[in-house]
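Here are a few exercises to work through with the structure open. Try each one yourself before reading the solution.

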Amino acid sequence: MDALEEKEEDEQTVEEKLGSLAVSDDLQDVETKVPVEQDCVPKHSVDVSQLPSSYKTNSPKEKQLLHIADHFLQQYIHLCPNRKPLFLHPVNECGVEKFVSTTVRPTLLPYTELYDWDGCASFVSDYLVMEPLECPITLPSSLYSPTTTLKHQRGNCFDFSVLLCSMLIGAGYDAYCVQGYAILEICTLDETQELCPLLRKPPEEAGKPKHEPLHGLRVHAWVLVLSGKRQVPETFFINPFTGNRHNTTDKRFLGIESVWNHRNYWVNMQDCRHGCKDLIFDLRDATCWEIMLSESNHLQLLPKEKEELFDSDTVREKRMSFDMPPSWVVPIRISPRQFEMRYYQGKKTTLYSKAKLKKWAPYLNGNGLVQRLTIYAGPDYTDAVEVREWFENREDILVRREVNKQTQLTTDYFSKGHSLCLKAHTYKLLEPKTGHTMEFYSEARVDGLQKRVETATEMTEYFMGRDDFLYLRHVDFGKQGEETQRTDMNSKPIMQIKECFHRNPEKPADEDVAECIFLITEEDIHLTYHLKDKYITASKKLFHKLPERASEEHEVFMSLEACTTYQAGSFEKGKSLFHLYNLLKELTAKEKWVKEEVRQSEAEVLTILKIRQTEEANIKLSVPIYNRERNKERRRQQEAMESTVKDELLGQKKQDLHYLAPFLIRNGCTDKLNKVQALRARDDCLTDFKHHLTYRINLIQAHLEKAVEELQKRHLWFQENKNQLSTKEKDDYLSSCSESMFHINVLEQRLNREKQMAPQKYLALKDKLCMDPHLAEHLGYI
């Protein structure tokens with residue numbers, strides 16, 4: 001009696017410990033009184049005729065596992081009568097009970113994007129369509145295999161979690177499926193109150209959820225990733241519906257009943273009244289987690305008194321010595337086509353707070369559009385404020401476009417490699433004189449241009465890394481007809497040009513120009529120099545341009561009125577008139593050159609606009625050459641080559657004459673050759689092959705002689721004209737000579753190789769003929 005009373009007291013203690021996990025009577029009443037928000041939704045039908053036998057039957061070891069699981073569940077219900085049932089062995093798509101751990105099929109898929117947890121989670125959330133649970137507060141009656149889930153691209157939270165867990169374990173993560181509870185928004189994939197991740201990183205914890213009748217009862221499944229493997233620093237959750245990572249303290253996850261992977265099953269024995277924030281995720285801790293099968297290599301067993309409560313000695317010994325059978329699921333496979341399509345029917349739409357995100361598979365849209373984010377002014381998704389689009393595989397290298405619906409400004413972004421080094425382009429219309437801002441990859445341009453802003457009256461250019469230290473050039477244009485002396489009547493008249501320069505440390509500050517302004521209409525030039533140390537004003541010069549000489553006979557002298565000078569520091573001695581005269585001549589020549597630069601910039605703007613109009617009117621998508629499914633031309637060539645090889649193989653089977661066919665026919669081939677015919681066929685074949693080898697050597701020799709002759713002619717031409725050639729022409733000559741020498745070297749190597757290999761090839765053919773079945777009878781191997 002004393003022993004029995006002690007056992008009852010221990011049992012009462014355990015029940016008190018587990019009572020914190022139980023659903024209260026009030027919540028149970030709510031479950032029965034509150035109507036379910038949705039009708040029971042049956043899972044999609046599956047054609048099971050083509051499934052393997054492991055899907056339709058259980059092996060003896062699986063049957064034994066089910067028996068152990070049933071006994072484990074009975075003991076659990078006895079000790080924890082107020083807790084919800086465990087998700088142990090639902091039926092699969094064939095109606096066969098399968099233990100949940102054996103439904104997990106660890107698989108490493110051959111795509112680099114799926115080697116990390118975020119890539120796997122993103123793929124699962126994108127590829128599958130969420131189906132709600134049959135009833136939001138009860139466990140599902142079935143759990144399909146990951147292969148069937150992938151095939152139909154649909155599933156509930158448990159299907160999502162099993163597939164994601166299989167991929168994560170295959171990728172080396174310590175991942176587990178979780179049976180638990182979460183808030184309404186998590187369970188129903190409602191993200192309309194969440195900020196879109198593309199706009200701003202969402203908060204790690206959501207605010208306090210609004211009151212709803214089924215709060216704390218809604219069943220949900222997600223994935224637990226423990227720290228340790230794959231250098232994971234801390235344990236975290238993954239919501240399989242969204243692919244988002246969550247801290248284990250996230251208040252949106254309300255409790256955990258159990259976790260499992262492909263090796264074992266653990267029941268949570270901790271208090272979840274305050275959610276998951278205080279849970280300990282050390283599965284080796286027997287006071288926090290009850291393990292189903294023994295993992296003595298790294299898990300501690302339960303205390304002896306708890307063992308007696310949970311199992312009899314015989315049953316527990318049997319349970320703890322049992323190994324988990326292998327998964328009944330065939331290896332998970334995702335074809336390149338499936339991986340490329342990514343979404344159900346190639347597209348997906350997600351609603352966020354005041355934003356709508358649409359995604360498409362590559363090549364589904366003819367313009368390369370793969371993602372569009374529309375930002376709205378209000379929650380009704382009607383008044384669009386901004387649209388952002390992402391593109392892939394476009395030949396014009398456009399990767400992103402942003403459209404401001406309020407200002408009607410469009411900004412296109414390009415990756416590196418555009419023909420004009422274009423990085424970004426902001427515009428209202430792809431038409432001249434409508435205002436454009438163009439950014440460039442300055443490191444790829446000779447002039448170091450980083451940005452150009454053009455309006456109808458102004459143009460400003462920004463530079464980087466120039467040898468002349470120029471970093472800004474601003475141009476003011478006048479109205480048409482204001483400038484009389486213009487070579488191009490279609491160009492806008494230039495009224496003023498201002499250039500700004502960084503400090504050149506190799507020059508004195510008062511000789512290093514900081515700003516130069518060309519006043520075209522006033523025919524003045526303003527120079528402002530950099531500040532000297534300990535000075536608050538800079539030196540300046542104002543020039544009045546010299547009049548052009550009517551003839552060589554007239555002399556023009558520099559006068560003091562032609563230049564106004566301010567020298568910072570009265571002790572500095574001014575420059576001589578001769579020096580000022582030479583400086584003015586340099587500035588006048590530079591003004592002419594700068595005006596040409598401005599005209600070239602205007603022309604480049606028109607060229608870019610014309611090219612962009614053409615690109616947008618005729619959008620082309622590029623296809624990698626190794627993408628056989630997408631590259632039609634490559635596929636056509638491959639299929640033609642395979643067809644030719646197949647025809648040749650069929651021809652060989654019908655007429656087994658091989659390379660001797662033309663020689664046997666020429667010598668009156670019969671079913672059986674005599675010795676004369678065999679010798680003649682052999683000699684003809686060897687002679688023909690010898691002629692072929694000689695032809696190849698002569699052909700390479702001719703190409704070599706021609707290349708040498710052309711190089712000599714080019715060298716002779718250079719010697720005759722080198723004093724008249726420009727630097728560019730000399731560089732082109734040296735470049736062409738280098739290419740020619742490389743070509744000649746290759747031809748020489750090929751010629752030497754052919755000469756060395758020709759005798760060996762001839763002897764090899766002779767030996768082959770002696771062993772040929774058509775000739776061996778008469779020739780033998782001599």
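**Exercise 1.** How many residues does helix 17 have, and what span does it reach from its first C-alpha to its last?

*Solution.* Keep in mind that this is a predicted model. Start with the ends: helix 17 covers residues 727-771, which gives 45 residues. Next, take the span: it reaches 65 Å, close to the 66 Å expected at 1.5 Å a residue. Now look along the axis: helix 17 has a kink of about 35° at methionine 757, shortly before proline 759. Finally, check burial: Tyr733, Ile744, Leu751, Glu754 and Ala758 are among the buried residues of helix 17.

**Exercise 2.** Work out why strand 16 is largely enclosed by the rest of the structure.

*Solution.* Then find its partners. Strand 15 (residues 409-414) is antiparallel to strand 16 and joined to it by 4 bridges, with aspartate 412 opposite histidine 425. Strand 17 (residues 436-440) also runs antiparallel to strand 16, through 5 bridges; here threonine 426 stands opposite threonine 437.

**Exercise 3.** Which residues touch the most other members of the largest nonpolar core?

*Solution.* That core holds 85 residues, and the ones to pick out are Leu168, Ile256 and Tyr265. Then ask who supplies it: helix 8 (residues 157-170) gives the most, with 10 residues. Last, look apart from it for another core, of 37 residues, including Leu422, Tyr427, Leu430 and Met459.

Methods:
Residues are numbered from 1 along each chain as its sequence is written. This is a predicted model: local features need pLDDT of at least 70, side-chain atom pairs count only at pLDDT 80 or more; totals for chains, interfaces and linings use all residues. Side-chain values use heavy atoms; hydrogens and water are left out. Buried means under 20% relative accessible area, exposed over 50%, partly exposed in between (1.4 Å probe, protein chains only). Helices (H or I, at least four residues) and strands (E, at least two) are DSSP runs, numbered from the N terminus. Two strands pair if DSSP finds at least two bridges between them. A nonpolar core is a set of buried Ala, Val, Leu, Ile, Met, Phe, Trp, Tyr and Cys residues joined through side-chain atoms within 4.5 Å. The expected span of a helix is 1.5 Å times one less than its number of residues. The bend at a residue is the angle between axes fitted to the seven residues ending there and the seven starting there.
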